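Open the model in your viewer and keep the selection tool at hand. Each stop below tells you what to select and what is there.

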Amino acid sequence: MKRLEVVSIDRIGLIGEISNVIRRMNGNIIKHTANVATDSSGVMISRFIADIDINEADVRSVVRRMKKIKNVRCVNITDI
């Protein structure tokens, strides 16, 4: 199992796009949280954290695809 963290400028549809990437890679979201806060310049920033079940061979592809989502600033996947 892996922990996924995605930090992005918040917008409508963001969580759906993140979920679709995981689904297309035949992954499964076990648990997730999403929080929104304002950064120092007043921009709303979303932090999505999920425990996902995904094939080890697909981790790099997931990161690459997540980074292509509009306004994503950071993507991290770690072992848990």
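Select Glu 56 first. At 53% relative accessibility, Glu 56 counts as exposed (buried is under 20% relative accessible area, exposed over 50%, partly exposed in between, with a 1.4 Å probe and protein chains only). This is a predicted model: local features need pLDDT of at least 70, side-chain atom pairs count only at pLDDT 80 or more, and totals for chains, interfaces and linings use all residues. Residues are numbered from 1 along each chain as its sequence is written, and side-chain values use heavy atoms, with hydrogens and water left out.

Lys 2 counts as buried, at 6% relative accessibility. Lys 2 and Glu 56 form a salt bridge, with the closest N and O atoms 2.6 Å apart. The term means a side-chain nitrogen of Lys or Arg within 4 Å of a carboxyl oxygen of Asp or Glu. This pair links distant parts of the chain, 54 residues apart. Lys 2 sits in strand E1 (residues 2–9), and Glu 56 in the loop between strand E3 (44–53) and helix H2 (59–67). Helices (H or I, at least four residues) and strands (E, at least two) are DSSP runs, numbered from the N terminus.

Next, select Asp 39 and Arg 73. Their side chains meet in a salt bridge (3.6 Å, N to O). Asp 39 lies in the loop between strand E2 (28–38) and E3, and Arg 73 in strand E4 (residues 72–79), so the pair ties together parts that are 34 residues apart in sequence. Asp 39 is partly exposed at 24%; Arg 73 is partly exposed at 48%. Bring in Asp 79 too: salt bridges that share partners join Lys 2, Glu 56 and Asp 79 into one network.

Move to Glu 17 and Arg 11. Their salt bridge has its closest N and O atoms 2.9 Å apart. Glu 17 is partly exposed, at 32%, and so is Arg 11, at 21%. How many salt bridges does a search of the whole structure find? It finds seven.

Last stop: the largest nonpolar core, with 19 residues. Such a core is a set of buried Ala, Val, Leu, Ile, Met, Phe, Trp, Tyr and Cys residues joined through side-chain atoms within 4.5 Å. Select Leu 4, Val 6, Ile 18, Val 62, Met 66 and Ile 69, which touch the most other members. E1, helix H1 (14–24), E3, H2 and E4 each supply at least two residues of this core. Finish on Ile 18. Leaving aside neighbours within four places in sequence, Ile 18 is in contact (heavy atoms within 4.5 Å) with Leu 4, Val 6, Phe 48, Met 66 and Ile 69.
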